[in-house]
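Q: Hi! Could you walk me through the strands and helices in this one?
A: Happy to, let's look at it together.

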Amino acid sequence: MALLGCGTVGSQVVRLLREQARDLEARVGAPLELAGVAVRRIDRRRDVEIDPALLTTDAMGLVTRDDVDIVVEVIGGIEPARTLILAAMERGKSIVTANKALLAEDGATIHGAARRHGVDLYFEASVGGAIPLLRPLRESLAGDHVHRVLGIVNGTTNYILDKMDSTGASFTDALEEAQALGYAEADPTADVEGFDAAAKAAILAGIAFHTRVTAADVHREGITEITAADVASAAAMGYVIKLLAICARSEDGRSVGVRVHPAMIPRSHPLAGVREAYNAVFVEAESAGRLMFYGAGAGGPQTASAVLGDIVAVARNRLAGTRGPDESTYADLPVHPIGETVTRYHVALDVADKPGVLARVAEIFAKHDVSIQTVRQEGHGDDAQLVIVTHHAKDAALSATVESLRELDIVRAVASVMRVEGEDER
């Protein structure tokens, strides 16, 4: 077996392979031997002691060695990971990877190569860290009909939003705390702008709906515009704000919607109680009903646990002369645009404090066929604000409503627009 990368996750894979060698051999039916570890710098200091003889900077040479049966890729990114994985597959090596970005961007190429060369491709660690999630979707629910997958799949953003909710902190202060604790990178863009969650949503949707979905198909919004006032307003209504990955079939079942964005969910919803850097995914299936998967979504030991599970599965398959499940894309459902998505909305408007304001605002909503469920006024004078919660409406209709509201002389600003999710699980 060859390991590509020896950072936070890779070093823990090495540790687990060494510490659990006897148990792993019993579970597989043969010993798991590490042939080499490809790294960028051999002299770099590592948390786990590794035999220097195993380290190499020649990743291509390692993955094409005749004594390697399984290649474990935990370096991340698109290149050189894609080139190395494809080269390994061409030589009959099975792959275990945690690379969500590559699978979400070019999964068709990777899955196609695995099929063409008759090798395994396992990627449980790409979504949800230690949470057993992809295998239940791909195998345990293979005989069911999944309607929706709704989840928190990024621990960094969940930690930030949780701190904003529990302490009243600003986004900036909560982000700085997350960075100090190691939950957020020095450059947190991939997390706070939703790119990480969007890649995971693409993978989840592809498996759940038997349809090829890429990161480019996912509507994405981050959390950088969420303010302490937004969080406080949600709390006053009995809601909490979470960055959600939502993958859902349309009502007629002929298309799917895949989106990542902040949303308000009621505090009674199971996802509302997911605190700090934890992840959770809520699955709705026709026969199985509602299922929730919860646990640590990141971290070296946690992600390495998922990697080891895949290694055991792949090793068993090779000994038995079989392959694991292939990519399932038979449904080939189109991904509908965000404008066709139907949901509820929370709209906050800074308005002039004078008679007739509500009537004129309500007229705009009615003009675009967006029905208002509740409305309340907060503050007076220069601080006057209307807070409106709609019934279900199409995103395109709500967007047109907001544009019309901006043109009203009585509306000083559209303070915030946020989707409301999770009402069906109350």
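Q: How do E11 and E12 pair, and over how many bridges?
A: In this predicted model, strand E11 and strand E12 (residues 289-296) pair in the antiparallel sense, over eight bridges. A hairpin of three residues connects E11 to E12.

Q: Which residue in E12 is opposite Ala 280?
A: That's Tyr 294. Ala 280 in E11 also stands opposite Ile 152.

Q: How does E7 run relative to E11, parallel or antiparallel?
A: Antiparallel: six bridges join strand E7 (residues 146-152) to E11.

Q: And is E11 buried or exposed?
A: Seven of the eight residues of E11 (residues 278-285) are buried, so the strand is largely enclosed by the rest of the structure.

Q: Switching topic, what's the strand order in the open sheet of six strands?
A: The order is E3-E2-E1-E4-E5-E6, with parallel pairing. Strand E3 (55-56) and strand E6 (121-122) are at the edges with a single partner strand each, so one side of each has no neighbour in the sheet.

Q: What joins E1 to E4 there?
A: Three bridges join strand E1 (residues 2-4) to strand E4 (residues 70-73), and the two run parallel. Leu 4 has Glu 73 in E4 as its bridge partner.

Q: Now helices: at what angle do H1 and H12 cross?
A: Roughly 60°, with the axes of H1 (residues 8-19) and H12 (residues 300-320) coming within 8 Å. That makes H1 oblique to H12, and the crossing is right-handed.

Q: Which residues meet there?
A: Among them are Val 9, Val 13 and Leu 16 in H1, and Ala 304, Val 307 and Ile 311 in H12. By class, the contact has nine nonpolar, five polar and one charged residues.

Note on methods:
Residues are numbered from 1 along each chain as its sequence is written. This is a predicted model: local features need pLDDT of at least 70, side-chain atom pairs count only at pLDDT 80 or more; totals for chains, interfaces and linings use all residues. Side-chain values use heavy atoms; hydrogens and water are left out. Axes are lines fitted to C-alpha atoms, for helices over the stretch in contact, and angles run from 0 to 180 degrees between N-to-C directions. Helices (H or I, at least four residues) and strands (E, at least two) are DSSP runs, numbered from the N terminus. Angles under 35 degrees count as roughly parallel, over 145 as roughly antiparallel, 65 to 115 as roughly perpendicular and the rest as oblique. A crossing is left-handed if the near helix is turned anticlockwise from the far one by less than a right angle, and right-handed if clockwise. Contact means heavy atoms within 4.5 Å. Ala, Val, Leu, Ile, Met, Phe, Trp, Tyr, Cys and Pro count as nonpolar, Asp, Glu, Lys and Arg as charged, and the others, Gly among them, as polar. Two strands pair if DSSP finds at least two bridges between them. Buried means under 20% relative accessible area, exposed over 50%, partly exposed in between (1.4 Å probe, protein chains only).
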